[in-house]
Amino acid sequence: MKFATDPKLLEFVKEICPDGLEYRQLHENRVAVRVRVEDLEGLADLFIKFGARLIHATAIDLEMKGFEILHIYDFSKVRERLVIILEAHTERPEVPSIGKVTWQARWAEREMKELLGIEFVGMPDERHQFLPYEWPEPVEGGAQKGSEFIPMNMPITEAYQTLIPIGPYHPGVIEGQTVYVKVEGEDVVAADIKTGFHHRGIMKLIERRGYGRGVFAAEKICGICSGAHGLAYVTCVENLYESEVPDRALYIRTLLAELNRMQSHLLWIGVVADVIGWKTGFMLTWGLRERVMDIIEAITGNRVNYGVWRVGGVSRDVPQELAERARRAVEGLKEECSELLALVADHPVVKSRLIGVGKLSYEQAFDGGAVGPVARGSNWKMDVRADNPPHAIYDPKLISWEVVTDNGCDSYARTIVRVKELLVSAGIVSQCLEHLSKTTGEIRAKPRSIPVGAEAVGLNEAPRGELAYYIRASDRDENLPQGIRIRTPSYRNNAVLPLMLVGCNLADVPVIMGSIDQCLACTDRVEVIGENYRRSMGWEELVAMSRRASRW
Amino acid sequence: MSTEFKLLKRVLSRYSTPMTLNYPSSVVPERKYSQIPSGLRGVPERDRDKCIGCRACYFACSGRATEVIDEGNKRVIDIFLFRCTFCAHCQEACPEEAIKLTERFEVAFPRDEPGAHVSTELDLLTCERCGRPYATKRMLERTYERLMEKIDPLVKETVSNDYRKLIGYCPDCRRANSVALDTHTKKYVWLEGV
Amino acid sequence: MVNEFILLLSMLVVVFVGLFLGVIYSFLLRKISARLQWRVGPLMSVYSDLRPLLGTTRVLQPLYDVMKLFGKETIVPEVSRRRLFLYSPYISLTFAVLAVLFIPFPGAPLLSSTPYSLILASYLLIGAALFSVLGPVASGSPWAAVGVRREAELFLVSELGFVLSIFSVAIARGSLTIWEIANSPPRPILTAVAGALMLAAMLGKLHIKPFDMPEAEAEIVAGPYTEYSGRLLGTYYLARIFILYGLMALFVSLLLPPLSTSIIWLPAYLVSTLVLVFLLALIQVLNPRYRIGNALIWYVKILIPLSILNIVVLVV
């Protein structure tokens with residue numbers, strides 16, 4: 001199937017954004033517009049009012065030529081599948097910040113400040129994103145000026161307030177993070193989240209390994225949503241050149257992405273049951289998840305890292321009798337799941353723990369940039385599979401499915417959204433398996449060479465929300481990218497977490513943290529402090545080192 | 001309340017048959033195993049007779065687990081299993097289909113034990129003139145076989161003679177001796193249609 | 001002289017039997033919960049190939065856990081009040097063992113014929129629970145602070161319910177001595193009603209879900225026991241084993257009258273306690289954990305009025 005591009009797009013973009021210096025059309029409805037650095041803030045304001053959504057604010061290091069600041073906006077509600085990339089070239093690392101315009105850019109700017117050393121002028125929140133707050137020396141009070149979050153060394157002004165650090169080691173959280181909650185008795189008065197414990201350097205690893213081998217590194221960012229990362233990566237690389245992928249490969253990709261979603265949601269329901277203290281729910285749902293993992297293992301050869309994603313198709317075919325057996329297994333599983341999950345969702349104690357807990361209104365979700373089931377649980381109909389689909393089959397004419405929303409705006413609504421999505425995914429899986437068991441075909445197309453200076457954005461709906469990859473091809477080497485930037489859904493959902501925590505009971509804190517389905521392996525993505533751990537480095541040295549390391 | 005009763009029925013339904021499966025192991029044969037599906041991606045195994053030492057697996061390895069060590073006139077291609085991610089990229093890259101992923105998955109060894117490595121040793125051919133090893137014998141033989149299968153019959157004999165004459169020299173020495181070895185391609189010019 | 005000697009000997013024997021039975025009940029709670037969750041749980045008969053490693057049975061697993069804890073390092077936090085922190089587990093254990101001595105076992109009346117033994121036994125059980133709260137208060141950790149607050153609130157309401165149901169039985173039988181109550185004729189309706197109320201109150205004392213919020217792992221690490229380790233934690237677990245046995249024995253003595261008097265009733269006694277443990281495991285498996293507010297509401301709105309109603313009906 002060829003992925004079409006709308007030819008009239010450039011005129012439309014020139015109308016919306018008239019001060020651009022250069023307009024370039026990329027593959028599949030993406031447009032890159034080169035602008036001046038000073039215009040970025042005004043354009044951000046204009047676009048947000050227009051109805052767009054910021055996907056990511058990032059920067060690419062062009063070594064000798066300076067930096068290129070990128071703001072990627074999603075216009076799919078305005079014009080079908082349009083994504084506009086604003087590029088601003090600058091030699092000096094001082095850039096106006098758009099954190100005041102939109103809340104969604106806060107964490108992205110903090111990350112760019114830390115990884116590349118870019119100074120954002122007027123940033124509302126200047127703390128470190130991944131490094132500890134005390135780096136390089138203990139900061140007085142912990143918070144910088146103008147921030148409304150709690151500093152780490154909080155003075156306890158009233159005697160009955162306690163600062164409780166949840167994490168980094170805590171039985172209630174699965175991965176390492178620290179959530180500071182200030183409680184009075186059992187009510188949470190203020191909250192803050194600090195991530196950065198899982199940073200592994202994967203963006204750098206992919207830059208060194210090249211397009212072909214990079215897909216294996218991208219898969220290993222996260223274990224639970226490994227399939228989603230693989231699909232987003234191959235979508236992004238295929239958007240760099242004019243690609244044409246065989247249909248059977250697309251069906252297999254949809255199949256694996258939806259199986260990934262099924263097992264991720266079953267895992268999540270078990271985790272929420274465990275966090276509210278119901279180990280039985282945990283055991284029962286994970287027991288069903290094992291059956292899904294058996295199907296995945298029979299199809300791909302591994303339970304977690306599928307390893308079948310290739311640029312141009314997939315590497316392993318599904319034989320027809322295997323597809324038929326798997327389809328029967330999935331039908332049986334779907335019935336058992338719907339019975340069990342109806343019981344779980346109707347349990348009176350479960351309801352009392354989840355209803356009214358962790359409220360996130362529609363406005364808060366929209367401004368804060370929540371994605372995935374967190375947004376859909378607040379009645380915002382946003383699903384990448386319908387708006388901006390990846391390179392897989394999600395056309396409603398070929399596979400019937402639906403976007404699930406719920407207007408409860410609390411943890412129970414998010415639970416219901418995920419349960420219903422699980423059953424919709426089971427339907428998609430059986431339809432794909434039926435198609436695969438009745439047809440044959442090729443599964444891989446040879447990739448073509450990647451043109452100089454190409455760039456692409458690949459989007460996918462991971463189980464946790466919208467996953468965005470941006471790849472810029474190098475203008476010297478055909479096999480290695482110049483830069484790759486990944487924005488995972490948990491990045492956005494974790495940034496919205498402090499808004500949900502204020503005002504709830506202490507017992508609800510792990511429930512809320514669980515209900516946004518945190519995947520911190522996706523949230524953090526790097527930092528090696530030095531080979532010799534005994535040496536301590538200052539801030540300037542670290543910034544200089546990171547600038548040097550990004551060059552060749 | 002009715003939810004609790006239906007739940008009660010459900011949890012009691014499997015009271016005597018837990019979902020726990022036994023570990024599929026060859027170590028404890030008398031216990032019942034759970035099944036491993038066929039096609040599981042396990043430890044790679046290289047067929048020593050088919051491997052030609054071309055190092056395609058080394059370049060394709062996504063986890064930097066494969067290493068090539070050239071010592072004297074032996075080439076050793078070694079996969080360190082602690083870094084292997086069982087992605088099967090080497091299986092796709094191999095031109096001779098020498099490396100295949102088996103279904104073996106138990107790879108817990110002490111670090112230095114030979115079981116933690118999958119090694120293949122091949123002989124390198126040394127140049128007659130300068131004495132440096134430059135390619136494996138198997139690769140040169142196999143290239144010859146492939147060439148002879150597909151070549152135009154008009155040039156077959158000439159190519160075959162050339163091959164046998166030049167194979168003992170490394171590319172640098174061939175260049176240094178090109179007049180004496182008659183490596184110029186003008187001998188093919190007089191053939192029609194070539 | 002001989003009578004006192006037999007009494008002392010029987011007390012010693014019953015303490016060990018109580019420990020053994022408490023361990024068995026603890027094991028059964030774990031095993032039945034596991035089976036209801038479709039898993040295997042601790043093994044009653046070990047697979048033949050693992051026998052050289054694990055022995056033939058792991059029925060005494062809870063005891064092995066306690067023994068493991070006794071072998072580990074005990075860490076005392078600097079910010080704690082040292083003496084209260086160190087002595088509370090031992091005081092709690094002492095109270096629990098003393099409580100066991102006032103409850104009859106089939107064939108050994110022990111001290112249960114002392115006048116007002118019912119009040120003494122329930123007071124000692126409350127004391128054991130109290131010292132399992134005071135020690136964590138002294139430990140100085142924010143987790144313990146939250147856990148102790150929850151434990152204290154739960155304590156208030158569940159003890160009230162427990163005491164009300166005990167006294168309803170005492171009023172119905174007209175006596176406050178356990179031995180007399182254990183020897184009186186059976187009354188099925190009293191057993192059913194007061195038994196249900198006492199079971200519901202016991203859920204809070206034994207931290208059976210949905211009332212185990214003091215020990216909520218997901219929220220407050222280990223609750224009150226966060227800073228305890230080694231010998232001290234082992235002593236607390238031992239105290240809990242004795243409390244479990246004590247509560248089961250008290251239930252049988254008060255509500256199933258002839259079963260804890262003479263030794264011919266021993267099989268029936270064991271069967272009834274096993275049924276009780278099965279019920280507790282079932283309730284534990286089927287429910288998530290309540291928040292402390294909901295637990296208080298449940299107790300105050302449902303259990304306590306019913307207990308008061310029960311007493312009023314019996315008086316009238």
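Visitor: Where in chain B is Gly39(B) found?
Guide: Happy to start there; this is a predicted model, in which local features need pLDDT of at least 70, side-chain atom pairs count only at pLDDT 80 or more, and totals for chains, interfaces and linings use all residues. Residues are numbered from 1 along each chain as its sequence is written, and chains are lettered from A and ligands numbered from 1 in the order in which they are written. Helices (H or I, at least four residues) and strands (E, at least two) are DSSP runs, numbered from the N terminus. Gly39(B) lies in the loop between α1 and β1 (44-46) of chain B.

Visitor: Is Gly39(B) buried, exposed or partly exposed?
Guide: A residue is buried if 20 or more other C-beta atoms, placed from the backbone, lie within 10 Å of its own, exposed if 12 or fewer, and partly exposed in between. Gly39(B) has 16 C-beta neighbours inside 10 Å, so it counts as partly exposed.

Visitor: Which residues does Gly39(B) touch, leaving out those up to four places away in sequence?
Guide: Contact here asks that the C-beta atoms of two residues, placed from the backbone, lie within 7 Å. With that rule, the partners of Gly39(B) are Ala298(A) and Gly301(A).

Visitor: Which element gives the largest share of the side of chain B that touches chain A?
Guide: In this interface, 17 residues of chain B are in contact with 15 residues of chain A. On the chain B side, α1 (2-13) and α3 (89-93) each supply at least two residues. The largest share, five residues, comes from α1(B).

Visitor: How many residues of the side of chain A that touches chain C are nonpolar?
Guide: Here 26 residues of chain A are in contact with 25 residues of chain C, and α7(A) gives the largest share of the chain A side, five residues. Ala, Val, Leu, Ile, Met, Phe, Trp, Tyr, Cys and Pro count as nonpolar, Asp, Glu, Lys and Arg as charged, and the others, Gly among them, as polar. By class, that side has four charged, eight polar and 14 nonpolar residues.

Visitor: How are α8(A) and α13(A) oriented to each other?
Guide: Axes are lines fitted to C-alpha atoms, for helices over the stretch in contact, with angles from 0 to 180 degrees between N-to-C directions. Helices α8 (residues 320-346) and α13 (residues 411-438) of chain A pack at about 165 degrees, their axes 9 Å apart. Angles under 35 degrees count as roughly parallel, over 145 as roughly antiparallel, 65 to 115 as roughly perpendicular and the rest as oblique. The two helices, α8(A) and α13(A), are therefore roughly antiparallel.
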